[in-house]
Amino acid sequence: MWIGLYFLLIRLDMLTKIKSFTVDSLSVEVYPSASVLAENVAKVVQVYLRSLLERHGKARILLATGSSQIEFLNILIGLGEIDWSKITCFHLDEYLGISADHPASFRRYMREKVERRINLEKFHYIEGDAEEPFQQSDRYSKLLKSQPIDLCCLGLGENGHLGFNDPSVANFEDTYDVKLVKLDDINRQQQVKQGNFPDIEKVPQYAFTVTLPMICRAEKIICLAPETRKAKVVKQMLQGEITTKCPATILRKQPQASLFLDIDSASLL
Ligand code: GLP
């Protein structure tokens with residue numbers, strides 16, 4: 001019995017966050033591993049969505065792609081007890097000129113990892129291959145703006161981007177809610193490393209992104225940034241100045257935002 005209790009205590013300890021602190025208005029939590037981080041964020045989001053549905057009967061959420069989201073989304077969906085039929089989803093970004101079936105398409109990612117597995121009210125997609133890209137940005141802006149966004153889940157780019165707001169195009173005062181942007185080379189290289197494309201030449205040069213002010217209008221913002229490859233940018237995000245050179249620094253001005261790190265991404269703090 002004592003041995004069982006001992007292992008239970010070890011397990012509980014592993015599930016606990018290592019530390020939490022704030023940087024300006026941003027809450028930061030550090031977990032012992034990427035899996036424990038994903039498990040904890042999934043529970044936070046489950047509780048939040050359930051309380052939203054109890055209070056308002058519906059919710060609108062904005063989701064990110066990337067490897068940081070996969071385990072979190074998987075656990076969240078597996079937890080159950082969320083009435084997805086009252087939830088409308090949006091996503092943050094999509095490459096220009098890519099079809100919904102392209103292996104790197106963010107619509108495909110969302111369809112396979114989210115939409116196909118639950119019974120949503122609706123998933124609104126950015127049609128990356130629309131014939132009129134500017135009309136597409138306009139259409140998506142109107143959908144996003146029509147009612148508040150209750151929750152925005154984010155990943156953190158290796159160059160500090162949120163969505164596809166790279167340092168070269170990020171604007172804290174953007175008047176657009178969705179825009180077409182040119183991707184920088186660090187970002188395009190990240191897409192190759194993540195296995196989305198065989199080489200940088202194949203990565204589209206342009207993409208649609210929800211802008212920073214639109215992201216910041218969400219009622220709650222959750223940014224997941226595990227892994228050693230994020231350690232440098234996490235340090236810059238939390239210890240550098242607030243500037244579009246590291247677009248994610250805008251989260252330090254958002255009291256509704258939380259950043260979730262693992263021990264590896266927090267290793268340079
Ligand atoms: C891509 C997406 C972003 C995402 C980022 C983070 O570049 N455009 O929306 O947040 O990757 O990637 P990862 O989660 O793999 O670290």
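The predicted model contains an open sheet of 8 strands in the order 1-2-11-10-7-3-4-6, with mixed pairing; two strands are taken to pair if DSSP finds at least two bridges between them, and strands (E, at least two residues) and helices (H or I, at least four) are DSSP runs numbered from the N terminus. Strand 1 (19–23) and strand 6 (122–123) form the edges and have a single partner strand each, so one side of each lacks a neighbour in the sheet. Strand 2 (residues 26–31) runs parallel to strand 11 (residues 257–262), to which 5 bridges join it. Val30 has Leu261 as its bridge partner in strand 11. Residues are numbered from 1 along each chain as its sequence is written. Because the model is predicted, local features need pLDDT of at least 70 and side-chain atom pairs count only at pLDDT 80 or more, while totals for chains, interfaces and linings use all residues; side-chain values use heavy atoms, with hydrogens and water left out.

The ligand is surrounded by 16 residues, of which the closest are Ser67, Ser68, Asp93, Gln191 and Lys230; a residue belongs to this shell if one of its heavy atoms lies within 4 Å of the ligand. By class, the shell comprises 3 nonpolar, 10 polar and 3 charged residues (nonpolar: Ala, Val, Leu, Ile, Met, Phe, Trp, Tyr, Cys and Pro; charged: Asp, Glu, Lys and Arg; polar: the others, Gly among them).

A side-chain N or O atom of Lys230 lies 2.3 Å from a ligand oxygen. For backbone N or O atoms, the distance to a ligand oxygen is 2.8 Å at Ser67 and 3.4 Å at Gly155. On its own the ligand has 390 Å² of accessible area, and the protein covers 100% of it (Shrake-Rupley method, 1.4 Å probe). Helix 3 (67–79) and helix 6 (185–193) are the elements that give two or more residues to the shell around the ligand.

Two loop residues were examined for backbone geometry. Most residues other than glycine have a negative phi. Asp24, in the loop between strand 1 and strand 2, has a positive phi of about 55°. Glu227, located in the loop between strand 10 (221–225) and helix 8 (231–239), likewise has a positive phi, of about 90°.

Key: Polar contact = N/O pair within 3.5 Å; in protein donor to acceptor, adjacent residues only side chain to side chain.
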